[in-house]
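Here is a short report on one protein model. Have the sequence and the 3D view at hand as you read.

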Amino acid sequence: MDISDKRGFGLFAALGTVTIWAGFILITRFAVQGTFTVEELLILRLIPGALLLSPVMFRLGVLPRQKSWARSAILMVGASAVFPYLVSMGLAFAPASDGGALAPGMLPFWTALAAFVIMGEIPGPRRRVGLVMILVGAMLVSLWQIVAGSEVDAWKGHLMFLLGSLLWAIYSVIFRQSGLSPLHGLVIGLFWGSVLIAPLLLATGNVTFSRVSLTDIAVMIVLQSFIIAVLAMFLFGYAVRILGAAETAAFGALTPILALLGGVAFLGEAVTPLKILGVALVAAGVFLASGILSKRQPATIS
C-alpha cells in the first residue's frame with residue numbers, strides 16, 4: 001500500500017473519530033433526557049469494554065509503572081471514568097451543542113495551560129490566537145444561556161463540561177509523558193474504572209435499569225462501550241500515526257460544529273446567532289491551536 005492510500009485511511013480515521021466524539025455527546029444527551037441515568041451509562045461504558053479487552057489487559061499489564069501515585073491515579077481513571085462522568089452529568093443539564101463547544105472544544109485551551117504548568121511549554125503566536133478564540137467562543141456559548149434564560153440549570157452543565165475538559169487535558173499531558181501506547185492506556189483505564197469506579201456507581205442506587213428494556217441496554221453497550229470507548233480510541237491512534245498529531249487535532253474543530261448541527265437536527269435544540277458565533281469561534285480556534293498551519297513535520301509511514 002502506497003503513502004497516498006494510507007493517508008486516505010488516516011483521513012477517514014480522523015473523520016470517524018470526531019464523528020464518534022460528537023455522537024457521544026448527542027447520544028448521551030438523548031439517553032439522560034430519557035430513561036437512562038448517568039451512572040447506568042457509565043457502567044455500560046466501562047464493564048463491557050473491560051471484558052472485551054481483558055485478554056489484552058493481562059498481556060500488557062494494568063499498572064502504570066514508575067509513576068507517582070497522583071499521576072497513576074489520573075492514568076487509571078481520568079479518561080475512562082472521570083471525564084465521561086462529568087460530561088455525561090453536564091448533558092443532564094445543558095444542551096448537546098453547549099457540550100460540544102465547552103468539552104472537546106475547550107480541550108486545546110486547557111491542554112496548552114496544563115502543558116505550560118506541568119512542562120513549561122509555551123505555544124507559538126498562531127496557537128495563542130487560536131486559544132484566545134476558543135476562550136471567547138466558549139464565553140459566548142455560556143453567556144447565551146444566561147441571556148436567553150432558556151435552560152435554567154444550564155450553567156451547572158457548563159461547569160461540569162469545563163471541569164471534565166480540564167481533567168481530560170491534564171490526563172492528556174500526563175499520558176504523553178508516560179510512554180504508554182494508546183491501547184495500553186485504554187486497557188489501564190477500563191480495568192481500573194471497572195474495579196474502582198463501577199462499585200461506587202452501584203452504591204449510589206442509581207443503577208437499576210428499571211426503566212429501560214434489554215434492547216435499549218444492548219444498543220447502549222454497543223454505542224457507549226464498543227464504539228465510543230474502544231473504537232474511537234483505535235481510530236484516533238491510527239490517525240495520529242498516519243497523519244501526525246497536528247493534522248489529527250485539526251479535525252477536532254469539526255466536533256463542536258457536528259454537535260451543534262446534530263443537536264438541532266436530532267434533538268430539536270434551539271440556537272441563536274450569538275450561540276452559532278460562539279461555536280464557530282471555538283471551531284476556528286481549535287483549528288488554529290492544533291498547529292496545523294505551522295511548519296509541518298512529515299508524518300511517519302510504515
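Which residue takes a positive phi just after H13? Gly291 does, at about 85°. Note that this is a predicted model.

**Helix H13**

H13 covers residues 273–289, 17 residues in total. From first C-alpha to last, H13 reaches 24 Å, close to the 24 Å expected at 1.5 Å a residue. Buried residues in H13 include Lys275, Gly278, Val279 and Val282. Further along, Ala283, Gly285, Val286, Leu288 and Ala289 are buried too.

**The largest pocket**

The largest pocket has a volume of about 1,600 Å³. Its lining counts 46 residues, and Trp21, Leu107, Trp168, Ser172 and Phe236 are the closest to the centre. H13 is among the elements that give two or more residues to this lining. Others include helix H1 (3–33), helix H4 (69–91) and helix H8 (154–178). H10 gives the most, with seven residues.

The lining of the largest pocket divides by residue class as follows.

| Class | Residues in the lining |
|---|---|
| Nonpolar | 31 residues |
| Polar | 11 residues |

**Gln66**

Gln66 sits in the loop between helix H3 (54–60) and H4. Why does Gln66 count as exposed? Because its relative accessibility is 83%, and exposed means over 50%. Gln66 and Ser178 are 112 residues apart in sequence. In space, their C-alpha atoms are 9.2 Å apart.

Conventions
Residues numbered from 1 in each chain as written. Predicted model: local features only at pLDDT ≥ 70, side-chain atom pairs only at ≥ 80, totals over all residues. Heavy atoms only, no water. Helix = DSSP H or I, 4+ residues; strand = E, 2+ residues; numbered from the N terminus. Expected span 1.5 Å × (residues − 1). Buried < 20%, exposed > 50% of the residue type's maximum accessible area, 1.4 Å probe, protein only. 1 Å grid on protein atoms, 1.4 Å probe; cavity = no way out; pocket = protein on both sides within 12 Å on 5 of 7 lines; lining within 4 Å. Points joined across faces, edges and corners; volume = space filled by probe spheres on them. Nonpolar A, V, L, I, M, F, W, Y, C, P; charged D, E, K, R; others polar.
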